[in-house]
Amino acid sequence: MDINLLYWKNEGKTFLSRLRLWFNILDPSSLLCSDAEIENAHSLIGSVERMVHDEKAGDAAWILSLSSVHAGTGAILPAVFRPQAFLPISAPLVVASFLPHSGVKPALFWQFLLQSYSAGFNHANRNVSSDKGIKTSLKQGLLIVGSVAYATCAGAIPQIVIQRLSMSSPAVQMFFRSVLPIPLSASLAYFNVVIVRSEESENGIQVFDSNGNSVGISQAAGAKAVKETALSRAALLGTTAAVPNLLLFLLQKARFLQRSPLLVAPIRHISTAIVLGLMIPVSFSLYPQLGTIKKEKLEKEFETAAVSGELFYHRGL
């Protein structure tokens, strides 16, 4: 088990402890660190006694390793797919994808960028314990391309319906621009994770005992890891779509908006970015990075290995 996972086991037991950690990990300034600095930080924390947060290693080294090194493989993550890069890159894409576009092409363009980046992020941060060093299979590559294409078209459905059917009713336009995007965004975020990481459910992922020793590959643990990550991503995008629309609904009768209707767009964009920024650490904290699965839910061959009644697995992000 990688030292990063051992740290999550000790320090990420509760939602609040995970939330505190994620606020530190998501500091974008760490993106400026070189690969050499990241490798030194990971080596430094790996040299201290395992299972213990040694102060000699320094909090900075722990945070840099947790934010830049894959917890399952120990490899340095691509800069654009590190957790701290998620907000700076996804914020403009999410805001643009929620815009009331004047045509279908801009809606498809921004949805394509958002879904492509989401797929790349999900793939880079997946659990790779069952890959055995093999590159992504042709089947999985086709699934990823297909999921991006499907999600791009599905995400632009509100704009396509309004544009192609020439709907001018305010009530209908409000439904397709403000109501439908909420469940649609949540569903597509869930769908993206499930498809991109489908190999984990099919092939299984590595599970560990309470001492951190690998005891085999479990499909049940893989399915649980993918489901938890998909639900957290659905909560992220669904909430980001819902709160700005609810805020504007509550403010629509405010005098300052009636006098200055041009303020509606800036309020929507700014509130979307703020909610996304706040929800990223919250959604990442919903489930522990080092998840647990009960013996009853595991395959029969793991019943003897789960001495404490449960086994551990790396959930991915």
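In this tour, a helix is a DSSP run of H or I that is at least four residues long. Keep that in mind as you explore this predicted model.

**Stop 1: the annotated spans.** Select residues 142–162, 174–196, 234–251 and 263–287, which an unreviewed UniProt entry marks as "transmembrane region". Zoom in on residues 142–162: this span is 95% helix and 0% strand, and its end C-alpha atoms lie 31 Å apart. Now move to residues 174–196, where the chain is 96% helix with 0% strand. Here the end C-alpha atoms are 32 Å apart.

**Stop 2: the aromatic rings.** The model has 10 aromatic pairs. For one of them, show the side chains of Phe86 and Phe121, a tilted pair with 4.6 Å from centre to centre and 50° between the planes. Which helices does this pair link? Phe86 sits in helix H5 (residues 83–97) and Phe121 in helix H6 (residues 104–124), so to speak a bridge between distant parts of the chain, 35 residues apart. Both Phe86 and Phe121 are buried.

Stop 3: The largest cavity holds about 140 Å³ of space. To find it, select Leu66, Val69, Ala71, Asn125 and Gln289, the closest to its centre among the 14 residues that line it. Colour the lining of this largest cavity by residue type, and you will find 8 nonpolar residues, 6 polar ones and no charged ones.

Methods
Residues are numbered from 1 along each chain as its sequence is written. This is a predicted model: local features need pLDDT of at least 70, side-chain atom pairs count only at pLDDT 80 or more; totals for chains, interfaces and linings use all residues. Side-chain values use heavy atoms; hydrogens and water are left out. UniProt positions are given in the numbering used here, feature names are shortened, and annotations may be inferred rather than shown by experiment. Helices (H or I, at least four residues) and strands (E, at least two) are DSSP runs, numbered from the N terminus. Rings of Phe, Tyr and Trp (its six-membered ring) pair if their centres lie within 6.5 Å; planes under 30 degrees apart count as stacked, over 60 as edge-to-face and the rest as tilted. Buried means under 20% relative accessible area, exposed over 50%, partly exposed in between (1.4 Å probe, protein chains only). On a 1 Å grid over the protein atoms alone, a cavity is a set of points where a 1.4 Å probe fits but cannot get out, and a pocket is an open set with protein on both sides within 12 Å along at least five of seven lines; lining residues have an atom within 4 Å of a point. Grid points are joined across faces, edges and corners, and a volume is the space filled by probe spheres set on the points. Ala, Val, Leu, Ile, Met, Phe, Trp, Tyr, Cys and Pro count as nonpolar, Asp, Glu, Lys and Arg as charged, and the others, Gly among them, as polar.
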